[in-house]
Amino acid sequence: MAVPVRVQKRMNERERTEECGTRAFAFLRAHTIVPSPRHYEIAFAHASGLYPALSDAIEAALRDGVQCDEVLLEEIAEQFLHNPQSLADTTNDTSAQLQVEMERVSKLIETAANDTSRFGDSMQGVSRNLSSHTKPEDLAIVIETIVSASRQMETRSRELEGELQASQEEISELRKRLETARSEAFTDPLTGIANRKAFDEQLEKASREAMETGASLCLLLGDIDHFKHFNDTYGHQTGDQVLKLVAGCIMASVKGRDTAARYGGEEFAVILPKTSLKDAQNLADNIREMVQSRELVKRSTGEQLGRITMSVGAAEFRFGETLPDFVERADACLYAAKRTGRNRVIPETALESERVAAG
């Protein structure tokens with residue numbers, strides 16, 4: 001008897017899930033990480049292959065010899081394992097509240113229009129009752145009617161104005177809430193700059209604009225030299241301060257149209273629209289020199305920790321190429337910078353010259 005397709009799919013999905021779970025536990029055991037629900041969630045995300053950016057960051061850290069422990073997993077998860085449902089829930093809830101407020105404003109405007117119409121009808125009725133034969137005592141009644149209707153209209157107008165102002169403030173607050181939720185979803189919580197998700201989105205946008213306008217687009221990928229040794233020597237908290245310092249140096253160097261992002265671990269990226277490769281190289285050198293100029297001091301003890309350096313690769317977008325290819329070329333330049341001594345910037349033209357010389 002043949003197994004129904006739906007049943008077979010469920011069986012396959014169950015087997016795949018069990019296999020991912022087994023690999024996740026094996027990963028945690030291999031790195032002596034306590035299999036808490038949170039750590040299992042991260043390990044499962046890595047084993048499932050559904051979060052390639054997260055897996056790339058873990059594998060890159062392992063290749064570089066970084067100790068894979070609870071702290072590293074949390075840092076990587078904060079960058080690449082955002083809960084999309086959280087942003088979706090905030091967006092849906094806020095949108096619903098916005099809809100309620102907009103309907104309220106619409107009713108207020110309708111009420112104001114009705115009040116104005118009634119006031120107009122009242123004045124027309126008074127006008128029809130006025131004539132050259134109107135007696136003084138009747139005229140006093142007419143005047144009293146006009147004054148009373150005007151006061152009522154004035155009072156109602158003030159009430160409506162207050163209600164509209166309150167709705168306007170509520171709508172403004174809801175919009176700010178939406179902007180804050182989106183900003184948090186695309187911000188690296190440690191350094192305060194764009195995260196990998198924001199980087200991917202901005203790179204795609206920048207590449208589209210470059211192809212539409214024919215303008216140049218460059219990408220910098222930078223990596224803190226010997227960061228693992230620094231982290232192991234002085235601890236993760238001091239390492240976090242170094243990451244913040246580097247992020248600050250990058251942000252101080254970029255323009256409004258540029259995007260600085262934490263690409264993963266101790267690796268940073270800068271998207272540079274409308275920028276030539278030569279200018280991108282100059283900017284990378286400025287960032288590198290600024291980072292190198294900072295003397296590090298351990299806050300808790302005042303201990304002098306020396307200086308840190310960065311290696312940077314620079315590549316220019318080629319119209320029609322895939323974004324992974326673009327990033328890979330910048331990454332090849334970065335590794336060339338590290339391979340040839342670190343604390344330097346290697347543009348892709350230097351690699352091309354090497355290939356020509358070698359050929």
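## A loop aspartate

In this predicted model, Asp-188 is found in the loop that runs between α6 (136-185) and α7 (196-213). Is Asp-188 buried or exposed? Its relative accessibility is 1%, so Asp-188 counts as buried, the cut-off for that class being under 20%.

When neighbours within four places in sequence are set aside, the residues in contact with Asp-188 are Gln-79, Ile-193, Ala-194, Asn-195 and Arg-262. A further spatial relation concerns Gly-264, which is 76 residues from Asp-188 along the chain. The C-alpha atoms of Asp-188 and Gly-264 are separated by 9.9 Å.

## Packing of α8 and α9

Helix α8 comprises residues 227-234, and helix α9 comprises residues 236-253. The axes of α8 and α9 come within 7 Å and cross at roughly 135°; the two helices are therefore oblique to each other.

On the α8 side, the contact involves Phe-227, Phe-230, Asn-231 and Tyr-234. These meet His-236, Thr-238, Gly-239, Val-242 and Leu-243 of α9. Sorted by class, the residues of this contact are five nonpolar and four polar, with no charged residue.

## Packing of α9 and α10

Helix α9 also packs with helix α10 (residues 277-293), at an angle of about 140° and with the axes 9 Å apart. Why are α9 and α10 classed as oblique? Angles over 145 degrees would count as roughly antiparallel, and the angle here is about 140°; α9 and α10 are therefore oblique to each other. The crossing of α9 past α10 is right-handed.

From α9, the contact draws on Val-246, Cys-249, Ile-250, Ala-252 and Ser-253. The contact of α9 with α10 has eight nonpolar residues, one polar residue and no charged residues.

## The chain as a whole

The chain contains 12 helices and seven strands. Of its 359 residues, 38% count as buried, and Asp-188 is one of the residues in that class.

Definitions and conventions. Residues are numbered from 1 along each chain as its sequence is written. This is a predicted model: local features need pLDDT of at least 70, side-chain atom pairs count only at pLDDT 80 or more; totals for chains, interfaces and linings use all residues. Side-chain values use heavy atoms; hydrogens and water are left out. Axes are lines fitted to C-alpha atoms, for helices over the stretch in contact, and angles run from 0 to 180 degrees between N-to-C directions. Helices (H or I, at least four residues) and strands (E, at least two) are DSSP runs, numbered from the N terminus. Angles under 35 degrees count as roughly parallel, over 145 as roughly antiparallel, 65 to 115 as roughly perpendicular and the rest as oblique. A crossing is left-handed if the near helix is turned anticlockwise from the far one by less than a right angle, and right-handed if clockwise. Contact means heavy atoms within 4.5 Å. Ala, Val, Leu, Ile, Met, Phe, Trp, Tyr, Cys and Pro count as nonpolar, Asp, Glu, Lys and Arg as charged, and the others, Gly among them, as polar. Buried means under 20% relative accessible area, exposed over 50%, partly exposed in between (1.4 Å probe, protein chains only).
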